[in-house]
Amino acid sequence: RDILSEYTVRCKAAANLVFRNMAKILNLQEEHLVNMIGENSITQAIFNYYPQCPRPDHVLGLKAHTDGSIITVNFADAEGLQLQRNGVWYNVPIVPNALIMNVGDIMEILSNGFFKSLVHRVVTNAEKERLSLVLVYTLELETELEPVSDLVDDKRPARYMKIKLHDYMEKYHDTYATGTLAIDGVKI
């Protein structure tokens, strides 16, 4: 428990560093996203175990999806994570002791589409088992999601409708079950 607590605190510091740099890229005050997300963010820790699979072409570890989060921090000990770009799947290489950070749907909405939530999946591995620890950072369920007001103007109108996170997460779970993406349902 103590190790997971320490890991979570350190990952939150790394996520805040990413948020500061994202804010700079968006021409916002450096602390804008950190302050907006604040101490009320919710962190979920998910442990995933994928046993070695002699026939990985017949098994899918986790189907294609985006994350319904602000950002997701992933630590894995073996390959299996794949990203989709233009209909092609790419393996994410494992770099020892490195974290993988995925932009989630909430950040896509907050950034008015500047940052995109990544479609990804996990496939099984023929040579070795795979263990991952995923930290999902999200907001209180009653939070109203919409693009940051400083990122919306006449030249760049809002690209996403306003929606409560609770309602968005309902859409997210419904669409995950059907293989579609919730983020597509809130685009204007």
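Helices and strands here are DSSP runs, helices of at least four residues and strands of at least two, numbered from the N terminus. The model is predicted.

By class, the lining of the second largest pocket comprises 7 nonpolar, 4 polar and 3 charged residues.

The largest pocket holds about 570 Å³. Its lining counts 27 residues, with Gln44, Ile46, Asp67, Val136 and Tyr172 the closest to the centre. At least two lining residues come from each of β1 (42–50), β2 (60–65), β3 (71–76), β7 (120–123), β8 (130–138) and α4. In the lining of the largest pocket, 14 residues are nonpolar, 11 are polar and 2 are charged.

**Helix α4**

Which residues of α4 are buried? They are Leu165, Tyr168, Met169, Tyr172 and Thr175. Viewed down the axis of α4, these buried residues fall within an arc of 130°, so they line one face of the helix. Tyr172, one of the buried residues of α4, is also among the residues closest to the centre of the largest pocket. The face turned away from the buried side of α4 carries the exposed residues His173, Asp174, Ala177 and Thr178.

The length of α4 can be checked against its residue count. Helix α4 has 14 residues (165–178) and, at 1.5 Å a residue, should span 20 Å; the C-alpha atoms at its ends are 20 Å apart, which agrees. Just after α4, Gly179 has a positive phi of about 85°.

Asn16 belongs to helix α1 (residues 2–25), and Leu26 sits in the loop between α1 and α2. Ser69 is located in the loop between β2 and β3, while Val73 is part of strand β3.

Each of these residues counts as buried because its relative accessibility is under the 20% cut-off: the value is 14% for Asn16, 10% for Leu26, 0% for Ser69 and 0% for Val73.

The table lists the C-alpha to C-alpha separations.

| Pair | Separation along the chain | C-alpha distance |
|---|---|---|
| Asn16 and Leu135 | 119 residues | 13 Å |
| Leu26 and Asp150 | 124 residues | 9.2 Å |
| Ser69 and Met36 | 33 residues | 14 Å |
| Val73 and Ala15 | 58 residues | 7.9 Å |

Strand β3, where Val73 lies, supplies at least two residues of the lining of the largest pocket.

**Cysteines**

How many disulfides does a search of the whole structure find? The search finds 0. Cys11 counts as buried, at 2% relative accessibility. Cys53 is also buried, with a relative accessible area of 11%.

Most residues other than glycine have a negative phi. Asn27 has a positive phi of about 60° although it is not a glycine. Asn27 is placed in the loop between α1 and α2, the loop that also contains Leu26. Is Asn27 buried or exposed? With a relative accessible area of 71%, Asn27 is exposed, whereas Leu26 is buried.

Asn86, likewise a residue other than glycine, has a positive phi near 55°. Its place is the loop between β4 (81–85) and β5 (88–91). Asn86 is exposed, at 73% relative accessible area.

Technical notes. Residues numbered from 1 in each chain as written. Predicted model: local features only at pLDDT ≥ 70, side-chain atom pairs only at ≥ 80, totals over all residues. Heavy atoms only, no water. Expected span 1.5 Å × (residues − 1). Buried < 20%, exposed > 50% of the residue type's maximum accessible area, 1.4 Å probe, protein only. Arc of directions from axis to C-beta. 1 Å grid on protein atoms, 1.4 Å probe; cavity = no way out; pocket = protein on both sides within 12 Å on 5 of 7 lines; lining within 4 Å. Points joined across faces, edges and corners; volume = space filled by probe spheres on them. Nonpolar A, V, L, I, M, F, W, Y, C, P; charged D, E, K, R; others polar. Disulfide = S-S within 2.5 Å.
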